[in-house]
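Work through the exercises below with the sequence and the model at hand. Try each task before reading its solution.

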Amino acid sequence: MGTAVTHVPPAPPAVDPAAPGTAAGGGSATPSGGARRGRAHRENLAGYLFMSPWIAGFVLLTAGPMIASLYFAFTDYNLFDAPRWIGLRNFTEMFADPRWRTSVEVTSWYVIVGTPLKLAAALGVALLLNQKRAGQGFYRAAFYAPSLIGASVSIAIVWRAIFSDGAVVDRAQQVFGLDAGGWIGDPDRIVYSLVALTVWQFGAPMVIFLAGLKQVPRELYEAAEMDGAGTWRRFWYITLPMISPVLFFNVLLETIHSFQIFGSAYILGGQGNSCGPADATLVYTCYLYIQGFENSRMGFASAMAWMLLLAVGLVTAVLFWSQRRWVHYEEASR
Amino acid sequence: MTLTSTSRRTRTGSGRARTGSIAWHLGALAVLAVVLYPVVWVIGGSLKPNDEIVGSLRLLPTDPILENYRRLADGIADIPVSTFFSNSLLLSLGSVAGVVLSCSLAAYAFARIGFAGRGILFSVMIGTLLLPYHVLLIPQYVLFQKLELVNTYTPLLLGKYLATDAFFVFLMMQFMRNLPKELDEAARLDGCGHLRIYWSIVLPLCRPALITSAIFTFINAWNDFMGPLIYLNEPEKYTVSLGLKMFVDQDGLANYGGMIAMSLVALLPVLLFFLAFQRYLIDGMATSGLKG
């Protein structure tokens, strides 16, 4: 659930939401109408019994809370006194709040820079691994491992160490004549190490890219090669269109995921520097946490949450709208 | 190159193939070095004295020590480290049981029962997949606070028993859809109801999907930071993640070695699971949707 979660590589598309499974025995209807109605009744009963945990969870933990949160967004609520209706004040205050703006900037920067870099790394390494060579399986497994541990507190601690003054990244910079110190203590650059952390977890989208690459028919490449197409042209005109559904899926999931980063950004600054130094890693959810749980401003935090939902919804809608222009589905061309 | 082979053509051909192979392995090894560096670093660091961790660039210690691990035995803020581990283990295993049970029930209904409203409920479930968890953070906290369940494990576990992890419902459903339907029909003729078919036929056949979901659930619960941070107040109830965070806040640099050692120990269960089940995780996840 949510951000604290290890990145689970999502199943690639090819989902048909209209047909979630096929009705068990729905076709073998009994001749008598009464018996059929009895049968349908039993199927409904069984269906809702099996669904009851999910339905309870949806009402209690998703739908109910969403409605409550929408109400809180227009109130002043500190958890102990009753919520007080204040109209749009949370929102006007939010837009005028410099820290809120900082959090929007940090998050946008992180999403806009981090996600493409991560996907580029994932695709690049997937192309490298998409060759039959000894050790291919080993590399794939090893490259995937960071996706499972990357969001943990342990790795945030390790990250802090290797990006601090005098550690490996700092020394590597010095080799290139950049004597600028580590990235952790520097409010201008600590966010780079956060981006590096997300790129390090390229393995999950890589696995999905690899699955997509395996589906590209060999004959296409052979035909293109005969026509004298070079590596770059084959990539641009065959590989990319053929894996575009998988690419779309990765872009969508990784973008939504990036918006929700919390743990690493919260911890990276270290002792007494949550989401810092100087708010340098104050991502959106960090500020939401601070307002909601440190300042007990449940109303303001709820308003923030709805802005996040709006932003994620908008990005999702734009991506879905754009896919007509660049995503090539097999079914559509048939 | 001292090739004594026959024609010129095969020689250059195999020479090029070999150069290609070397280039490929060099590329893969370069990526591997970047990917593994932090992991090797934490192993090496846990065996170094404090001053060497911060001051030295060497990955492995000049003179490995176990002092850091010994110091772990003193615990953090008077709480034995084993407490955090048993708390995390309890939460993770509790989550696994809940997800496997509740998600497979919902998945069975979606895949195998033709009930009215199934299409709508399915769309709703897919919608919850894309919903940012943070929208629910505040109201769920308010709910559990009113129910006086803050500082218990209930808020962290309840959702797992109510199938809120839509992704696993989806994963199991995809798997169940691909099971031959003749099995159900035969069982039905023998007089089996849905519960029997679910429990005795479908669940055992779904083992790969159940195992994949179980492992991911365990790892997610083990790594979870935000949930425990919000809901747990007493250090005795802290999970490993929160224990580590407490380490960062209290000891800072003074006990750097201990902190690194605990970081590694905290990663171990996840890494071991990965080593044992990596094919399950990677193959299962990569292909489950493509076939759907």
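This is a predicted model: local features need pLDDT of at least 70, side-chain atom pairs count only at pLDDT 80 or more; totals for chains, interfaces and linings use all residues.

**Exercise 1. State how chain B is divided into domains, and what joins them.**

Solution. The assignment gives domain 1 (11–65) and domain 2 (81–291) of chain B. Their C-alpha centres lie 34 Å apart. Nine residues of domain 1 of chain B are in contact with six residues of domain 2 of chain B. On the domain 1 side, α1 (8–46) and α2 (50–55) of chain B each supply at least two residues, and α1(B) gives the most, with four. By class, this side of domain 1 has five nonpolar residues, three polar and one charged.

**Exercise 2. Decide whether A:Glu93 is buried, partly exposed or exposed.**

Solution. First place the residue: A:Glu93 lies in helix α2 (residues 89–96) of chain A. Then count its neighbours. A residue is buried with 20 or more other C-beta atoms within 10 Å, and exposed with 12 or fewer. A:Glu93 has 14 C-beta neighbours inside 10 Å, so it counts as partly exposed. As for distances, A:Glu93 and A:Phe300 are 207 residues apart in sequence, yet 8.8 Å apart in space, C-alpha to C-alpha. A:Phe300 is itself one of the buried residues of α14(A).

**Exercise 3. Explain why helix α11 (residues 244–259) of chain A counts as largely enclosed.**

Solution. The helix has 16 residues and reaches 23 Å from its first C-alpha to its last, close to the 22 Å expected. Of these 16 residues, 12 are buried, so α11(A) is largely enclosed by the rest of the structure. Among the buried ones are A:Pro245, A:Phe249, A:Glu254 and A:His257. The cover over the buried residues includes α3 (98–129), α7 (190–200), α8 (203–214), α13 (284–294) and α14 (298–326) of chain A, together with α5 (118–130) of chain B.

**Exercise 4. Work out how α11(A) and α14(A) are oriented to each other: roughly parallel or roughly antiparallel?**

Solution. Begin with the partner: α14(A) has 29 residues and reaches 41 Å from its first C-alpha to its last, close to the 42 Å expected. The axes of α11(A) and α14(A) come within 10 Å and cross at roughly 170°. Angles over 145 degrees count as roughly antiparallel, and therefore the two helices are roughly antiparallel to each other. Residues of α11(A) in this contact include A:Phe248, A:Val251 and A:Ile256, while those of α14(A) include A:Leu308, A:Val312 and A:Trp326. By class, the contact of α11(A) with α14(A) has 11 nonpolar, four polar and no charged residues.

Key. Residues are numbered from 1 along each chain as its sequence is written. Chains are lettered from A and ligands numbered from 1 in the order in which they are written. Domain bounds come from an automatic or database domain assignment. Two residues are in contact if their C-beta atoms, placed from the backbone, lie within 7 Å. Ala, Val, Leu, Ile, Met, Phe, Trp, Tyr, Cys and Pro count as nonpolar, Asp, Glu, Lys and Arg as charged, and the others, Gly among them, as polar. The expected span of a helix is 1.5 Å times one less than its number of residues. Axes are lines fitted to C-alpha atoms, for helices over the stretch in contact, and angles run from 0 to 180 degrees between N-to-C directions. Angles under 35 degrees count as roughly parallel, over 145 as roughly antiparallel, 65 to 115 as roughly perpendicular and the rest as oblique.
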